[in-house]
Amino acid sequence: MNNFPYSQVDLIREVFHYQSRFEGSTMVFKIDYPVTETPGFPGLVKDLALLAKTGFKVIIIPGVKENIDAVLKQHDIDASYAATKGFPVRITTSQTIKYVEMAAFSVASRFMTFLSGSRIEALIGNFVRARGLGVIDGIDTEHTGTVDKIYASSLSRVLNLGMVPILPCIGWSPSGKPYNVPTDEIALTVSSALGAAKLFIVTMHSGMRSDILSRTDNIEKRADGSILRLTLQQAKDIVAANENCVQTILPENSKPHLGEADIELLKQYLRELKLGIKASHAGVHRAHIVDGREEGSVLKELFSNLGVGMMIYTDEYDSIRAFHSRDLPDILRLMEPLMQKGILVRRNADQIQEKKNDYAVLEIDGSIRACGALHDWGGTPGFTTDGTPGGEQGEIAAIATDPQYTDLGLGRRIVSYLIDKARKCSMRRVFVLTTQTPDWFESLGFKETTVDTLPEKKRKVYNQSRNSRIFALEL
């Protein structure tokens, strides 16, 4: 009999979970221009086509800045910018607007070509009504514009037909005058107008590096130091803490350890974070920043808890809660490998159900990734290890986490939750019995003690042959 790897089974479960959760949802993909020049670009578009085929409503906003620069350079035209709201804005004159349109529609056509190869109908349309920015600091920006309105009903009709709309960086006034509109602004207003479930920012860096960002100490990170996800407030805090670094004239004055390339990368991080923050305020619950060069990055980010990019979220993503009977298969699945290794005492379904009020689970996006229990053993005769009178004692037990989430500190969070629960139950002390993880419990503040400090009822059932070491934490 062939054994199907557990990790693959778990992945299949996650895919079905997210498929059912987001099927029919609108997802906006703002894709930086350099991604279209990479060898993986055809695969990326193929993945977007797959999403469209399987019930997702896909909108593509192609970035085009670098292509505009290249087209202007081919025609010996210098790119010029004006500063507004702290960011440079391209000045699009009556001479350059035709080249901007040429660059924008050529990129949009590339998406159309590859989507057609996947047998997906796509449409490059005039879904953006724009108006001019006008005069900024005495400079007439001419054909540089801003979004005036998104034709949401027209977009919805196209999406309901199963087609993929592609929105270039061009908007038109009611009289038909073309304007060059920032793709970030189009992505944001489209996401808001269509009630998008997600905004994907597809970029050219391999993750947001915590080593070049300030204020990331308590942020969830991967083993390589890249940021996994941020709450809206965490994203705002990081932007606020790093703003001065990109505004300084001499980068070395603010962050001596960063080189010029890192400073440029930091600027890009902040632009992406700000777009994600604005999207969150506009009602988009999740903004994802993914590396467009990585094979299958969009699918990996969309269909798994851990993903491969960085997410800003406003909805409840993870939480610790009381155990429900429906959770039984999941916590047995988490505990089984540890019970086989002898790290956990073997428990069956009936034993867990009997003590179900003792258990808690940590849920990430609807999937259980860690569990633990607090068993009440009553009072302790005599004194505790610090010499204070004995009181009610609780045993922290059955701590198990999904091995894929080892680096995220889920075990620590479950133990902290159970310690808080013990305090609320007026327990004076919690203890653990362990054979293979003493160092881990010591790192959480537990101190080794002896069997005779255990409550009488626990001492009577202590398994001498297992010879577990005992660690306690005074509350």
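**Exercises on pockets, cores and backbone angles**

Helix 10 (328-340), helix 11 (349-354), strand 20 (367-378), strand 21 (393-401), helix 12 (410-424), strand 22 (429-434), helix 13 (438-443) and helix 14 (456-461) each give at least two residues to the lining of the second largest pocket. The model used in these exercises is predicted.

**Exercise 1.** Describe the second largest pocket by volume, lining and residue class.

Solution. 
- Step 1: the volume of this pocket is about 1300 Å³.
- Step 2: 47 residues line the second largest pocket, and Leu-344, Arg-347, Ala-397, Ala-398 and Ile-399 are the closest to its centre.
- Step 3: strand 21 contributes seven residues, the largest share of the lining.
- Step 4: sorted by class, the lining holds 24 nonpolar, 10 polar and 13 charged residues.

**Exercise 2.** Find how many cavities of 30 Å³ or more the structure has, and characterise the largest cavity.

Solution. 
- Step 1: strand 15 (227-231), strand 16 (286-291) and helix 9 (297-302) are the elements that supply two or more lining residues.
- Step 2: the lining of the largest cavity splits into six nonpolar, five polar and six charged residues.

**Exercise 3.** Identify the residues that touch the most other members of the largest nonpolar core, and list the contacts of Leu-273.

Solution. 
- Step 1: the largest nonpolar core has 47 residues, and Leu-167, Val-190 and Leu-273 touch the most other members.
- Step 2: helix 8 (residues 260-281) provides nine residues, the largest share of this core.
- Step 3: leaving out residues up to four places away in sequence, Leu-273 is in contact with Met-208, Leu-230, Ala-235, Ile-238, Val-239, Met-310 and Ile-312.
- Step 4: a second, separate core has 45 residues, among them Phe-41, Leu-44, Ala-49 and Leu-72.

**Exercise 4.** Locate Arg-119 and Asn-467, and decide whether Arg-119 and Asn-467 are buried or exposed.

Solution. 
- Step 1: Arg-119, a residue other than glycine, has a positive phi near 60 degrees.
- Step 2: Arg-119 sits in the loop between helix 4 (97-117) and strand 5 (122-124).
- Step 3: exposed means over 50% relative accessible area; Arg-119 counts as exposed because its relative accessibility is 79%.
- Step 4: Asn-467 is not a glycine either, and its phi is positive at about 55 degrees.
- Step 5: Asn-467 belongs to the loop between helix 14 and strand 24 (469-474).
- Step 6: with a relative accessible area of 55%, Asn-467 is exposed.

Technical notes:
Residues numbered from 1 in each chain as written. Predicted model: local features only at pLDDT ≥ 70, side-chain atom pairs only at ≥ 80, totals over all residues. Heavy atoms only, no water. Core = buried A, V, L, I, M, F, W, Y, C linked by side-chain atoms within 4.5 Å. Buried < 20%, exposed > 50% of the residue type's maximum accessible area, 1.4 Å probe, protein only. Helix = DSSP H or I, 4+ residues; strand = E, 2+ residues; numbered from the N terminus. Contact = heavy atoms within 4.5 Å. 1 Å grid on protein atoms, 1.4 Å probe; cavity = no way out; pocket = protein on both sides within 12 Å on 5 of 7 lines; lining within 4 Å. Points joined across faces, edges and corners; volume = space filled by probe spheres on them. Nonpolar A, V, L, I, M, F, W, Y, C, P; charged D, E, K, R; others polar.
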